[in-house]
Amino acid sequence: MSSTIRRARRSTAITVSLAVGGALVPAATAAAAGTDPDAARTGSSAVSVPIRQGLYQSAYSERNDALWMTSSVGMPPATVTDSRLLRVDPDTLKVEKSYAAPVTDAATGAVESVYGIAVDDEHNTVWTTNTRDHSVAVYSQRTGKRLASLPGVNHAREIVVDERRDTVWASAFGDGTLVAFDSGTFKEKERVTVPGAGPTGLALNERTGTVYAADYHGARIIEVSPGAESPRLIPAGQGSLSVALSANGRTAYTADQTSGTVTVVDLRKGAVTRSVATGGGTKSVAVDRRSGHVLAVNRTSATVTIVDPYKGAVVKSVATGANPNHVHVAEGHAYVADKSGSGPAGEDLLTRVRLRR
């Protein structure tokens, strides 16, 4: 599907959804804060919709024009008995398909709950991290069927797909390891461990195949390059949970939960160039490659903040539901999953922020 057709579909669907006034509602303070120059006409630059409880992350499939999301209900030590892989229409924000995670313990009803997520459009699959089960899983985008469950990823946190090299990387927060799998055969290809590290979010340089991991324990980025004898360790922000790259791959941005900042890192020099305050509990970060802006969700501030990294300044902040957990940028929009429980039946919200027209 061409980008022109996708944009046309999205524009039409948004207009219809706002007209009927059912599923989509303006995000709480977006229009009131005057963040959208057309707020008087459109009502808001952001809309939110209740999805279901336990939202964690999202990833966009260009091949299927679908937003995939993970949901797991329950915090440790409670047993998770309700976990879903969701297919959401990015235009209407309606859940199209809901696939239940498989049961792992018949006695308790525990399931292989899904948390982190990435899409492999080359193989038409979705990869998830199953944190409590110390594994990752592969699902078919076409049927929702689980194709494989791959153990040995200690406290699997996040996952990223390198389609050019048929490789999928997962972060093992529990033992400071990055694990690579073959995206076609599902076999393990590589394992890199940094003693004392706590790798969380991942980012990939698609051109070079280099993978970057935010190290929550070490206030640094772990860089693993193809053919390198050992990983390179680069300074970053305090309590880094997420990492994203600029379009040219020369700059990294980390979401720093401890300091409530986005840290800008020059990867060539291996040095921090600036830090931008975004809000309390900065948890996830993504890049709008067309504008170069960085988006960060701030858990305790309940906002998504748009940062101009070149000026080191905040462009604007948009309200989300309480406890935003993850931001993903696709097709001119940012999709923010929260853990607010503020839907009419206690659902968490998905907030879509328009980045450009």
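Student: What stands opposite Ala170 in β15?

Tutor: In this predicted model, Val179 is the residue across from Ala170.

Student: What makes β14 and β15 a pair of strands?

Tutor: Pairing takes at least two bridges. Six join β14 to β15 (residues 177-182), and the two run antiparallel. They make a hairpin with four residues between them, and in that turn Gly176 has a positive phi of about 70°.

Student: Why is β14 described as mostly covered?

Tutor: Buried means under 20% relative accessible area, and six of the six residues in β14 (residues 167-172) are buried.

Student: Which residues cover each side of β14?

Tutor: Thr167, Trp169 and Ser171 are on one side, with Val168, Ala170 and Ala172 on the other, and all are buried. In a regular strand, side chains alternate between the two faces of the sheet.

Student: On to the rings. Why is the Tyr56 and Tyr115 pair called edge-to-face?

Tutor: Ring centres have to lie within 6.5 Å to pair, and planes over 60 degrees apart count as edge-to-face. The centres of Tyr56 and Tyr115 are 4.6 Å apart with planes at 85°, so edge-to-face it is.

Student: What makes this a link between distant parts of the chain?

Tutor: Tyr56 is in strand β3 (residues 55-61) and Tyr115 is in the loop between β8 (110-111) and β9 (117-120), 59 residues apart.

Student: Are those two tyrosines buried or exposed?

Tutor: The limit for buried is under 20%. Tyr56 is at 14% relative accessibility, so it counts as buried. Tyr115, at 8%, therefore counts as buried too.

Student: What makes you say that a charge sits over the ring of Tyr56?

Tutor: The distance limit is 6 Å from the ring centre, and the charge must also be within 35 degrees of the ring normal. The charged end of Lys339 is 3.8 Å from the centre of the Tyr56 ring, and it is listed as sitting over that ring.

Student: Which other rings join up?

Tutor: Trp127, Phe181 and Phe186 are linked into a cluster by ring pairs. The count of aromatic pairs comes to five.

How values were computed: Residues numbered from 1 in each chain as written. Predicted model: local features only at pLDDT ≥ 70, side-chain atom pairs only at ≥ 80, totals over all residues. Heavy atoms only, no water. Phe/Tyr/Trp six-rings, centres within 6.5 Å; stacked < 30°, edge-to-face > 60°. Buried < 20%, exposed > 50% of the residue type's maximum accessible area, 1.4 Å probe, protein only.
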